[in-house]
Amino acid sequence: MGLKSRHQRSGIPEVNLVPMMDVLMTVLTFFVIISMELSGVQIFGVSLPQA
């Protein structure tokens, strides 16, 4: 009939941003955790025994 999907009406492909945002949040979380480890900040507030 006259109903067509959005992709068929326009010839411009759509970009799905949700997977890109998932990857960016994963990378951001990775770098935050690594930078906290390298700077010596304790994440969970656990005091470790001294040797």
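This is a predicted model: local features need pLDDT of at least 70, side-chain atom pairs count only at pLDDT 80 or more; totals for chains, interfaces and linings use all residues.
Residues are numbered from 1 along each chain as its sequence is written, and side-chain values use heavy atoms, with hydrogens and water left out. Local features need pLDDT of at least 70 and side-chain atom pairs count only at pLDDT 80 or more, whereas totals for chains, interfaces and linings use all residues.

The protein chain contains two helices and zero strands, assigned as DSSP runs (helices: H or I, at least four residues; strands: E, at least two) and numbered from the N terminus. Helix α2 covers residues 18-39. From the first C-alpha to the last, the 22 residues of α2 reach 32 Å, close to the 32 Å expected at 1.5 Å a residue, where the expected span is 1.5 Å times one less than the number of residues. Just after α2, glycine 40 adopts a positive phi of about 90°.

Of the 51 residues of the chain, 0% count as buried (under 20% relative accessible area; exposed is over 50%, partly exposed in between; 1.4 Å probe, protein chains only). The accessible surface amounts to about 5300 Å², with 69% belonging to carbon and sulfur atoms, as computed by the Shrake-Rupley method with a 1.4 Å probe. Val23, Val27, Phe30, Phe31, Ile34 and Leu38 form a nonpolar surface patch of about 620 Å²; such patches join nonpolar side chains within 5 Å, from residues with over 30% relative accessible area and no salt bridge (a Lys or Arg side-chain nitrogen within 4 Å of an Asp or Glu carboxyl oxygen).

One aromatic pair is counted, for which ring centres must lie within 6.5 Å. The rings of phenylalanine 30 and phenylalanine 31 have centres 5.5 Å apart and planes at 70°, so the pair is edge-to-face (over 60 degrees; under 30 is stacked, the rest tilted). Phenylalanine 30, located in α2, is partly exposed at 49% relative accessible area, while phenylalanine 31 is exposed at 53%.

Key
Patches are made of residues with over 30% relative accessible area and no salt bridge: like charges are joined within 9 Å, nonpolar side chains (Val, Leu, Ile, Met, Phe, Trp, Tyr) within 5 Å. Rings of Phe, Tyr and Trp (its six-membered ring) pair if their centres lie within 6.5 Å; planes under 30 degrees apart count as stacked, over 60 as edge-to-face and the rest as tilted.
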